[in-house]
Amino acid sequence: MAIVECRDIIKYFSVQRGYLKKGAGVVKALDGVSLEIEEGETFGLVGESGCGKTTLGKILLGIISPDSGEVLLKTKEKQAIFQDPYSSLDPKMKVRDIISEGLILKKGSKTRLLERIEKVLDVVRLPKGSLNKYPHQFSGGERQRIAIARAVVTEPEFIVCDEPVSNLDVTIQLQILKLLKEIQEKFRITYLFISHDLRVIKFMCDRVAVMKDGKIVENRGSKEIFTGPVHPYTKLLLSSIPRIF
Amino acid sequence: MKYFFKNRLALIGFIFITIILAFALFAPKIATHNPAAIDTKSILSGPSNSHILGTDTLGRDIFSRIVYGSRISLSIGFIAVGISVGIGIFFGSIAGYYGGKIDSIIMRFIDICLCFPTFFLILAVIALVEPSIFNIMAIIGLTSWMGIARLIRAEILTLKERDFISASRIMGARGSWIILRHLIPNAIGPVLVSATLGMGGAILIESSLSFLGIGVQPPTPSWGNILMDGKSTLGVAWWLTVFPGIFILLTVLAYNLLGEALRDLLEPRIVANERIESK
Ligand SMILES: Nc1ncnc2c1ncn2[C@@H]1O[C@H](COP(=O)(O)OP(=O)(O)OP(=O)(O)O)[C@@H](O)[C@H]1O
Ligand SMILES: [Mg+2]
């Protein structure tokens with residue numbers, strides 16, 4: 001059963017062309033995007049920078065409204081993990097307050113706050129002493145664990161992971177990806193997994209949609225895409241993977 | 001705190017403000033005389049052992065009047081700035097976060113307010129209301145919030161694009177929650193600098209008003225009206241104007257030093273350079 005669905009999403013941004021040229025240009029961030037994400041799967045979204053991946057994620061989460069098209073989200077328990085853990089954690093808040101924010105905002109989950117925070121800290125393998133520290137006292141990988149803890153503590157059913165490992169060292173990338181998989185199995189979470197790194201997509205995803213200029217050009221099972229790409233753009237992307245793996 | 005002790009000028013400013021604060025808090029203990037006590041035997045006497053900063057035209061002790069006057073000057077600084085920071089943060093954060101029409105309306109309103117030179121605006125308002133201490137604090141506060149509003153709006157415009165704001169919205173936070181919990185705590189730094197500088201400014205405005213005779217009314221001593229009392233006898237009794245003048249000057253200077261140090265502290269680039277240099 002699909003937990004998230006969207007049909008014919010269109011989102012244009014108007015941009016100033018500069019001081020001298022009059023009038024505004026339009027960026028077609030999303031130009032008729034439809035997709036369905038099944039419960040419990042990891043749905044990959046891949047494409048070059050600026051093709052509209054982040055915008056689509058934000059529309060599915062309801063913090064940007066599309067110009068037209070409809071979004072069907074069958075759960076209220078949604079969360080996001082962002083690319084830049086330096087921007088995604090409030091620098092003026094202690095880890096304790098960062099992780100508990102979602103619980104405080106969610107009605108009826110203020111009981112046993114500390115117990116729940118400590119439990120989730122265990123899940124992401126951060127020491128208990130982290131609670132009274134500020135984000136700048138952690139490394140990039142640790143910060144991403146804090147962001148994951150914040151997302152998981154509210155017991156979400158759907159998480160948008162927007163390039164969650166792009167800013168991390170390769171060794172740390174694998175740790176974080178494994179952690180995300182582990183969490184998915186433990187809590188039965190559906191992921192929309194955004195990345196421009198095909199190796200990461202191959203490791204994580206059950207199905208993959210390939211995006212180009214605000215459109216989905218190919219949308220199939222992960223195995224099929226990696227063994228027999230159909231669209232020329234997908235072939236181009238695949239041929240650009242470094243052959244180390 | 002450590003930083004202040006590294007920066008000598010800021011430390012001097014900090015110590016001076018602390019002394020003035022002690023004057024204000026413990027005025028009855030520190031003052032050598034009753035500030036209102038008229039002593040007809042020692043009118044206009046210069047600095048001496050019994051009156052260390054001399055006496056005024058009614059024989060009142062200048063030092064004691066300055067000590068009590070610090071209560072007025074400091075509280076005007078604090079409360080006027082408190083009012084302007086409160087209003088500035090309120091309008092600035094709403095304009096910055098909500099943007100669009102609300103932003104345009106607030107920004108046009110600020111532009112209109114900025115058209116009037118603050119001091120003349122204050123003069124005009126004082127002509128209409130009685131110049132009580134509270135009114136003066138309120139008027140200074142109500143006419144000086146625009147800069148703070150602009151400052152906080154500019155900060156929020158960049159802050160609200162950060163991912164932690166998106167994260168909060170995804171978790172269901174409303175505008176008021178985001179503004180109070182995330183935006184204001186992150187935007188408050190430059191406002192503190194501006195507020196510290198503003199305290200000096202407010203003291204200066206009060207002194208100017210009192211000097212013109214439309215500020216704090218006698219017999220309540222304020223640094224401004226002590227200075228005004230000395231205006232007519234400037235030629236014969238310099239201590240009546242020089243001492244309160246020095247206190248005004250040093251306090252404003254101290255606030256400015258503190259504000260500048262705070263600015264350096266909060267400006268990441270400059271501080272980073274300093275760290276590199278000190279290594
Ligand atoms: N708020 C905005 N205002 C104007 N243009 C925007 C805005 N947000 C996104 N865009 C534009 O829309 C397009 C798609 O942006 P988006 O962030 O969704 O791309 P992306 O696929 O996530 O890229 P990246 O891989 O670099 O993160 C880009 O051209 C971007 O410049
Ligand atoms: Mg993106």
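# A walk through chains A and B

Start by selecting B:Ile43: leaving aside its neighbours within four places in sequence, B:Ile43 is in contact (heavy atoms within 4.5 Å) with B:Thr55, B:Asp56, B:Thr57, B:Leu58 and B:Gly59. This is a predicted model, in which local features need pLDDT of at least 70 and side-chain atom pairs count only at pLDDT 80 or more, while totals for chains, interfaces and linings use all residues. Residues are numbered from 1 along each chain as its sequence is written, chains are lettered from A and ligands numbered from 1 in the order in which they are written, and side-chain values use heavy atoms, with hydrogens and water left out.

**Stop 1: the loop around B:Ile43**

Keep B:Ile43 selected and look along the chain on either side. B:Ile43 sits in the loop between helix 3 (27–30) and helix 4 of chain B. Helices here are DSSP runs of H or I with at least four residues, strands are runs of E with at least two, and both are numbered from the N terminus. B:Ile43 and B:Thr55 are 12 residues apart along the chain, and their C-alpha atoms are separated by 6.3 Å. Is B:Ile43 buried, partly exposed or exposed? B:Ile43 counts as partly exposed because its relative accessibility is 42%; buried means under 20% relative accessible area, exposed means over 50%, and partly exposed lies in between (1.4 Å probe, protein chains only).

**Stop 2: chain B as a whole**

Zoom out and colour chain B by secondary structure. The C-alpha trace of chain B spans about 75 × 55 × 30 Å along its principal axes. Of its 279 residues, 47% count as buried. Among contacts in chain B with a separation of 6 or more, residues 24 or more positions apart account for 70%.

**Stop 3: helices 4 and 12 of chain B**

Next, select residues 62–98 of chain B, which form helix 4, and residues 239–266, which form helix 12. Two packed helices are described by the angle between their axes and the distance between the axes. Helix 4 and helix 12 of chain B pack at an angle of about 35°, with their axes 11 Å apart. (Axes are lines fitted to C-alpha atoms, for helices over the stretch in contact, and angles run from 0 to 180 degrees between N-to-C directions.) Show the side chains where the pair touches: helix 4 of chain B brings B:Ile62, B:Ile66, B:Leu74 and B:Phe78, and helix 12 of chain B brings B:Trp239, B:Leu240, B:Phe243, B:Pro244, B:Phe247 and B:Tyr255.

Stay on helix 12 of chain B and pick two of its residues. B:Thr251 lies in this helix and is buried, because its relative accessibility is 0%. Not counting residues up to four places away in sequence, B:Thr251 touches B:Phe16, B:Ile17, B:Ile20, B:Ile203 and B:Trp223. B:Val242 is in helix 12 of chain B too, but at 34% relative accessibility B:Val242 counts as partly exposed.

**Stop 4**

Move over to chain A and select residues 53–60, helix 1. Why is this helix described as largely enclosed by the rest of the structure? Seven of its eight residues are buried. These are A:Lys53, A:Thr55, A:Leu56, A:Gly57, A:Lys58, A:Ile59 and A:Leu60. Just after helix 1 of chain A, A:Gly62 has a positive phi of about 80°.

Then select helix 2 of chain A, residues 95–105, whose buried residues are A:Val95, A:Ile98, A:Ile99, A:Ser100, A:Glu101, A:Gly102 and A:Leu103. What covers them? The cover includes helix 3 (113–123) and helix 4 (140–152) of chain A, together with helix 9 (163–170) and helix 10 (175–211) of chain B.

Follow chain A onward to A:Thr111, in the loop between helix 2 and helix 3 of chain A. A:Thr111 is exposed, with a relative accessible area of 53%. Select A:Ser139 as well: A:Thr111 and A:Ser139 are 28 residues apart in sequence and 31 Å apart in space, C-alpha to C-alpha.

**Stop 4: two backbone angles**

Most residues other than glycine have a negative phi, and most peptide bonds are trans. Now pick A:Asp8, in strand 1 (residues 2–16) of chain A. Phi of A:Asp8 is near 50°, a positive value in a residue other than glycine. Finish at A:Asp213, in the loop between strand 8 (207–212) and strand 9 (215–221) of chain A. A:Asp213 is not a glycine, yet its phi is positive, about 45°. With a relative accessible area of 49%, A:Asp213 is partly exposed.
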